[in-house]
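Here are my notes on this model, point by point. Please read them with the structure open.

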Amino acid sequence: MSKSKIGEPQTVNVANILSDYNFIRIPDYQRHYTWETLQVAQFFEDIIQDVSKFSPKTNLDAQGQSLNKARTTVFGTTIGMEGPEIELKKDNPKKHKLYFDIIDGQQRLATLSILVLCLQHFARKHKNDTRRLEDELGN
């Protein structure tokens with residue numbers, strides 16, 4: 001879990017947001033989703049470029065050994081604040097849940113969430129057609 005104080009802004013990577021918090025909120029005072037096709041395309045190109053840096057086929061030394069370090073991608077800065085625990089219904093085994101309010105990075109986080117949901121939907125739809133999955137998503 002995060003070691004910050006509740007209500008104190010902090011910079012957090014996406015992996016920590018997704019693993020440390022039960023809820024991710026975009027407060028009402030944040031702007032609506034405004035990205036157009038150009039911004040989404042640039043974001044996806046950045047992700048593809050970052051991922052290709054870590055591909056075992058493209059980053060080899062003279063002996064053919066991988067030069068890859070730990071896999072990571074440059075997602076940009078995500079800033080938010082940890083909120084107080086929310087008390088849940090009595091029948092819930094986990095009585096309290098942590099939430100994280102996104103202050104900056106909501107456009108990227110929303111776009112990434114949409115991408116993941118689309119990939120999940122596509123994989124479920126074509127789960128018995130591995131050739132189609134490989135053709136569309138790569139090996």
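1. Aromatic cluster. Rings of Phe, Tyr and Trp (its six-membered ring) pair if their centres lie within 6.5 Å; planes under 30 degrees apart count as stacked, over 60 as edge-to-face and the rest as tilted. Trp35, Phe43 and Phe44 form one such aromatic cluster. Three aromatic pairs turn up in a search of the whole structure. Phe43 and Phe44 have ring centres 6.0 Å apart and planes at 45°, so this pair is tilted.

2. Basis. This is a predicted model, where local features need pLDDT of at least 70, side-chain atom pairs count only at pLDDT 80 or more, and totals for chains, interfaces and linings use all residues. Residues are numbered from 1 along each chain as its sequence is written, and side-chain values use heavy atoms, with hydrogens and water left out.

3. Buried means under 20% relative accessible area, exposed over 50%, partly exposed in between (1.4 Å probe, protein chains only). Phe43 has 7% relative accessibility and therefore counts as buried. Phe44, at 26%, counts as partly exposed. Of the 139 residues of the protein chain, 25% count as buried.

4. Fold. The protein chain has four helices and four strands. Helices (H or I, at least four residues) and strands (E, at least two) are DSSP runs, numbered from the N terminus. The order from the N terminus is β-α-β-α-β-β-α-α.

5. Core. A nonpolar core is a set of buried Ala, Val, Leu, Ile, Met, Phe, Trp, Tyr and Cys residues joined through side-chain atoms within 4.5 Å. The largest one has eight residues: Val12, Val14, Ile17, Tyr21, Leu98, Phe100, Ile102 and Leu109. Helix H1 (14-20) and strand E4 (96-104) are the elements that give two or more residues to this core. E4 supplies the largest share, three residues. In soluble globular proteins, nonpolar side chains tend to be buried together.

6. Glu82. Is Glu82 buried or exposed? Its relative accessibility is 8%, so Glu82 counts as buried. Glu82 lies in strand E3 (residues 79-87). Glu82 and Leu98 are 16 residues apart in sequence, and their C-alpha atoms are 7.4 Å apart.
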